[in-house]
Amino acid sequence: MDLKTGDIVMLKSGGPEMTILRVIGETENNRMDEAMRMRGYDDGDVLCDWESENSTTRPRKVFKAVMLMDPNVVEEVEEEITEDDEAVADDVDSSEDSAEEEDFDFDDDDFDF
């Protein structure tokens, strides 16, 4: 995913939609990027802010780019999961039907007690 300032993203683990304020290293010779590097951040790290119900200011945090995703992709993934769940449910139903049809004949000699 090619991230740039102004993009809307969210954490892959979930959470609110966030706005990208800065991608470190996005512009050359930037003093703010240099200051962030001095604090231990790397080129490609992403500074985001988001709406918070508990605050009048927008919280800000730096994330690794691999932690972020396009929120529109969530809807596509949810649709795929639903389709996969239906396929798995069909498989389970068919295996339960075949298990019910089998005659299991056990006696005490089949088990070690």
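This is a predicted model: local features need pLDDT of at least 70, side-chain atom pairs count only at pLDDT 80 or more; totals for chains, interfaces and linings use all residues.
The protein contains two helices and five strands. Along the sequence, these elements follow the pattern β-β-α-β-β-β-α. The protein has 113 residues, and buried residues make up 20% of them. Its accessible surface comes to about 9,000 Å². Carbon and sulfur atoms account for 47% of that surface. Contacts were also examined by sequence separation. Among those between residues at least 6 apart in sequence, 35% join residues at least 24 apart.

The largest nonpolar core comprises eleven residues. Its members are Leu3, Val9, Leu11, Met18, Ile20, Val23, Val46, Cys48, Trp50, Phe63 and Leu68. Strand E1 (8–11), strand E2 (18–23) and strand E3 each give two or more residues to this core. E2 gives the most, with three residues. Leaving aside residues up to four places away in sequence, Leu68 touches Leu3, Val9, Met10, Leu11, Lys12, Met18, Val46, Cys48 and Phe63.

Trp50 lies in the loop between strand E3 (46–49) and strand E4 (60–63), whereas Phe63 lies in E4 itself. The pair therefore ties together parts that are 13 residues apart in sequence. Trp50 has a relative accessible area of 17%, so it falls under the 20% limit for a buried residue. Phe63 counts as buried at 6% relative accessibility.

Ile24 occupies the loop between E2 and helix H1 (31–38). Ile24 is buried, and its relative accessible area is 2%. Residues up to four places away in sequence aside, Ile24 touches Asp33, Met36, Arg37, Tyr41, Asp42, Asp43, Gly44 and Asp45. Ile24 and Lys4 are 20 residues apart in sequence. Their C-alpha atoms are 9.8 Å apart in space.

Notes: Residues are numbered from 1 along each chain as its sequence is written. Side-chain values use heavy atoms; hydrogens and water are left out. Helices (H or I, at least four residues) and strands (E, at least two) are DSSP runs, numbered from the N terminus. Buried means under 20% relative accessible area, exposed over 50%, partly exposed in between (1.4 Å probe, protein chains only). Contact means heavy atoms within 4.5 Å. Accessible areas come from the Shrake-Rupley method with a 1.4 Å probe; for residues, only the protein chains shown count as cover. A nonpolar core is a set of buried Ala, Val, Leu, Ile, Met, Phe, Trp, Tyr and Cys residues joined through side-chain atoms within 4.5 Å.
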